[in-house]
Structures are given as C-alpha cells and as structure tokens.
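Me: I have a new structure to read. Can you take me through it feature by feature?
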Amino acid sequence: EIEEKMRKSLVHVAEVFKEDESLDEKVEKNETVLELDLNKKKKKFRYVVIGIGIVLLVLCLFGGIRVTVQHYSYDYQMKTASAHYDAGEYEKVLKYAKRAVAIAPNSSDAKMLLANSFKKLNDLESAKGILEELIANDSSYFRAYKDLIEVYIQEEEYEKINALLMSCSDPSTVEQYQNYGA
C-alpha cells in the first residue's frame, strides 16, 4: 500500500511538472506573439513617421519654390519697387528696380522707375545715363525724352535739350519744351 501511494504521488508530481512545462511553453508562445506584435507596431509607427516626414518635406519644398519664384519674379520686383516709390523710399526702389532690370533687361518701365528714383535721390548722372540709354534703344519712348529734358533743365544744359528735341518725333513733347530749343 505504501508503494502504491508513493507511485500515485510520483505520477501526480510528474503530471504537475508536465502541466508546468506546458505553461512555460504557453508563456513562451505568448511572449513570442507579443514581440511580433510589438515589432509590427514599431514598423508601422516608423512608416507613419517617415510618411509624415516626406509629406512635410514635399510641402516645404513646394512652398519654398513658390516663395522663391514669387520673390524673384519681374512682377514682384516691379510691384515692390512701385510701392516703395509711392512711399518715397527711393533707396529701396533702387534695390527692387535693379532686380527687375536684371530679370528683364529690355524693360523700359523698370529702367524708368530706376531713373526716376535716381532723380529723386539727386543722382542726376545715373538718371541721365539710364534715360539716354532708353532713348537710344527706343526712340519712340517719349516719356524718357520728357524726363531727360527735365534733368537737362535742372543742369541748365540747353544745347543738349535742343539736340534732344531735334531728334524727338513726338510733336507734343517738342511743343511742350519749344522754349528751350533753338
């Protein structure tokens, strides 16, 4: 009987150990599943962060390109220069008008704005150079004739006014300044 009880106890202990082993196996399986889930979540999180980063980068690039294009366009330079001219900020006009001329070297409007700013700053030599260039490149740009004549009047260069009026094909300009001609 004692042997029988011992045998039953040993069988019982063996069964308990078997159950413990299966519990360990279950715990290991659960840990493995949890690790896999955690790794999947980490990967998913990384992809989300990378995706958001790419979207932000693209937005910044396109926004930067748009700003760059806007700020370095002829229209932007001219609008800004004109606004500064209207505000009497002639030094600032020079900055933007020069950029406009650099972007569009044949722009008579940008050159006129530049010349008028030089006149306002009493830099008559620079103004004359620009106005003479405008007339040389386009003899039908009568506004340049009038502005150059005004500079010549300030400098009392009446012979130059006369020569300029002789080359001007605009009757209203010639008539307006006929008292300065020969």
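Reply: Start with a helix pair. Leu-124, Lys-128, Leu-131, Glu-132, Leu-134 and Ile-135 in α5 meet Ala-144, Tyr-145, Asp-147, Leu-148, Val-151, Tyr-152 and Gln-154 in α6. These contact residues divide into 9 nonpolar, 1 polar and 3 charged. Contact means heavy atoms within 4.5 Å. Ala, Val, Leu, Ile, Met, Phe, Trp, Tyr, Cys and Pro count as nonpolar, Asp, Glu, Lys and Arg as charged, and the others, Gly among them, as polar.

Me: What kind of model is this, and how are residues numbered?
Reply: The model is predicted, local features need pLDDT of at least 70, side-chain atom pairs count only at pLDDT 80 or more, and totals for chains, interfaces and linings use all residues. Residues are numbered from 1 along each chain as its sequence is written, and side-chain values use heavy atoms, with hydrogens and water left out.

Me: How many helices and strands does the protein have?
Reply: Helices (H or I, at least four residues) and strands (E, at least two) are DSSP runs, numbered from the N terminus. Here there are 8 helices and 0 strands. Along the sequence the pattern reads α-α-α-α-α-α-α-α.

Me: How do I describe two packed helices?
Reply: Two packed helices are described by the angle between their axes and the distance between the axes. Axes are lines fitted to C-alpha atoms, for helices over the stretch in contact, and angles run from 0 to 180 degrees between N-to-C directions. Take α5 and α6: their axes come within 9 Å and cross at roughly 145°.

Me: What is the handedness of the crossing of α5 and α6?
Reply: A crossing is left-handed if the near helix is turned anticlockwise from the far one by less than a right angle, and right-handed if clockwise. α5 passes α6 in a left-handed crossing.

Me: Are α6 and α7 roughly parallel or antiparallel?
Reply: Angles under 35 degrees count as roughly parallel, over 145 as roughly antiparallel, 65 to 115 as roughly perpendicular and the rest as oblique. The axes of α6 and α7 cross at roughly 165° and come within 9 Å. The two helices are therefore roughly antiparallel. Their crossing is left-handed.

Me: Which residues in α6 and α7 meet?
Reply: From α6 come Tyr-145, Leu-148, Ile-149, Tyr-152 and Ile-153; from α7 come Lys-160, Ile-161, Leu-164, Leu-165 and Ser-167. They divide into 8 nonpolar, 1 polar and 1 charged.

Me: What about α2 and α4: how do their axes cross?
Reply: Helix α2 covers residues 74–86 and helix α4 covers residues 108–120. Their axes come within 11 Å and cross at roughly 25°. So α2 and α4 are roughly parallel to each other. α2 passes α4 in a left-handed crossing.

Me: Which residues make the contact of α2 with α4?
Reply: Tyr-74, Met-78, Ala-81, Ser-82 and Tyr-85 in α2 meet Asp-109, Ala-110, Leu-113, Asn-116, Ser-117 and Lys-120 in α4.

Me: Is Ser-117 buried or exposed?
Reply: Buried means under 20% relative accessible area, exposed over 50%, partly exposed in between (1.4 Å probe, protein chains only). Ser-117, in helix α4, has a relative accessible area of 0%, so it is buried. Leaving aside neighbours within four places in sequence, Ser-117 is in contact with Tyr-85, Tyr-90, Val-93 and Leu-94.

Me: Where is Thr-173 found?
Reply: Thr-173 is in helix α8 (residues 171–176). At 0% relative accessibility, Thr-173 counts as buried. Beyond neighbours within four places in sequence, its contacts are Phe-142, Tyr-145, Lys-146, Ile-149, Leu-165 and Cys-168.

Me: Is Ala-102 buried or exposed?
Reply: Ala-102 has a relative accessible area of 60%, so it is exposed. Its place is helix α3 (residues 90–103). Ala-102 and Tyr-74 are 28 residues apart in sequence and 8.9 Å apart in space, C-alpha to C-alpha.

Me: What should I look for in the backbone?
Reply: Most residues other than glycine have a negative phi, and most peptide bonds are trans. Asn-122 has a positive phi, near 60°. Asn-122 lies in the loop between α4 and α5 (124–137). Glu-156 also has a positive phi, of about 55°. Its loop runs between α6 (142–154) and α7 (158–167).

Me: What share of the protein is buried?
Reply: Of the 182 residues, 26% count as buried.
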